[in-house]
Amino acid sequence: MRILGIETSCDETGVSVVELSENGLALLEDIVSSQISLHEPYGGVVPEIAVREHLRNLPRLVPKVLEQSGTRVSDLDVIAVTEGPGLASSLLIGNAYARSLAVAADVPAYGINHLEGHLYSPFLSDGSSLRFPFVGLIVSGGHTLLVHAVDFDRYIRVGATIDDAAGEAFDKVARLFGFPYPGGPYLEEFAKQGNPEAYDFPRSLPGKDNYDFSFSGLKTAVRYFYEKHPHSHEDQQWIADLCASFQKAVIDVLVRKSVGAVELVRADTLVAAGGVVCNSLLREELARACEEKGIQLHVAHAGVCTDNAAMIASTAAFKVHYGCTPEIGGDINPNLSLFTREPAGDFQKGLDLAAKLRNRNAG
């Protein structure tokens with residue numbers, strides 16, 4: 001089975017081809033066209049520019065990825081496309097293209113949740129390691145989410161951001177320091193030269209039984225501290241110490257709550273994905289904490305942490321392989337949630353179902 005994946009949830013146009021066979025899942029080709037240079041002058045994503053680029057890129061990239069993967073349109077069995085969440089205008093372009101191509105090729109077009117794509121991206125290189133239940137940390141510019149994955153389409157919200165997502169906080173603090181857009185990677189590079197213990201910034205929602213995230217207060221604390229020391233703004237070491245201290249505050253919260261969530265739901269596996277997971281310190285701290293607690297850790301490869309079509313196509317492949325066929329793509333949903341089926345929101349019901357599945361798999 002060959003699956004063409006299309007991802008246009010925001011400002012990156014992703015196209016990919018994966019093959020599902022008796023030998024497992026193989027990524028045949030993956031292309032992502034970034035728009036960073038176009039949005040950089042505005043300090044953020046401009047929807048009108050994103051739409052224009054998606055319209056320009058898809059007719060160029062789809063034939064290219066098919067050719068480079070040795071795939072003809074007639075070889076395709078499925079077209080998988082992101083149906084949400086994301087920018088409505090960007091989602092519309094990808095869905096219209098995918099559904100039109102599906103009609104022409106006479107194959108089904110499956111709508112895939114963008115967050116679900118991130119959730120399964122750590123298994124792209126080794127699909128055989130996919131086992132339920134597990135806890136997923138999805139951390140990006142728009143989302144910071146802890147998910148108890150009981151089974152396909154059965155997810156429980158353990159924690160989520162109540163204001164700024166982690167990646168959004170990184171970019172806003174980076175902008176305060178005058179770093180180019182997107183600022184997260186620049187902030188990380190400065191932090192490598194700084195002292196993470198230089199300044200003690202607040203850790204959000206520290207309660208033992210609270211697994212939600214809040215980074216708005218941390219961002220505000222950094223801004224006030226920065227504004228109170230105008231004579232230090234040209235001191236590169238001072239900026240580096242600020243970056244390192246801010247970064248440590250974010251990562252401490254992400255790691256502590258992720259490990260705590262695994263213990264809470266009595267799972268033994270943590271997966272981590274999303275653009276912020278490219279951060280090398282976060283990867284190191286997650287690995288250290290999981291090793292100390294005896295938790296299996298699967299982290300998405302850096303190449304598929306940011307938005308891409310490989311994760312969309314592979315999620316469709318996983319679902320087909322395990323007998324959980326996605327729905328035929330319908331309308332887009334910019335606010336699409338992971339938690340659309342039971343036992344979403346029903347914590348005890350989710351734990352009971354996870355126990356039943358463990359017993360079934362053991363038998």
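Student: What covers the buried residues of α10?
Tutor: The cover includes β1, β2, β3 (24-33), β4, β5 (109-113) and α4 (114-120). Helices (H or I, at least four residues) and strands (E, at least two) are DSSP runs, numbered from the N terminus. This is a predicted model, in which local features need pLDDT of at least 70, side-chain atom pairs count only at pLDDT 80 or more, and totals for chains, interfaces and linings use all residues. Residues are numbered from 1 along each chain as its sequence is written, and side-chain values use heavy atoms, with hydrogens and water left out.

Student: How many residues of α10 are buried?
Tutor: In α10, 10 of the 12 residues are buried, that is, under 20% relative accessible area (1.4 Å probe, protein chains only). Among them are Met311, Ile312 and Phe318.

Student: And what comes after α10?
Tutor: Gly323 follows α10, and its phi is positive, near 75 degrees.

Student: Let us turn to β1. Which way do its residues point?
Tutor: Arg2, Leu4 and Ile6 point one way, while Ile3, Gly5 and Glu7 point the other way; all are buried. In a regular strand, side chains alternate between the two faces of the sheet.

Student: Which strands are joined to β1 by bridges?
Tutor: Six bridges join β1 to β2 (residues 13-21), and these two run antiparallel. Four bridges join β1 to β4 (residues 78-84), and that pair runs parallel. Two strands pair if DSSP finds at least two bridges between them.

Student: What stands opposite Arg2 in β2?
Tutor: Glu19 stands opposite Arg2. In β4, Val81 is the bridge partner of Ile6.

Notes
Buried means under 20% relative accessible area, exposed over 50%, partly exposed in between (1.4 Å probe, protein chains only). Contact means heavy atoms within 4.5 Å.
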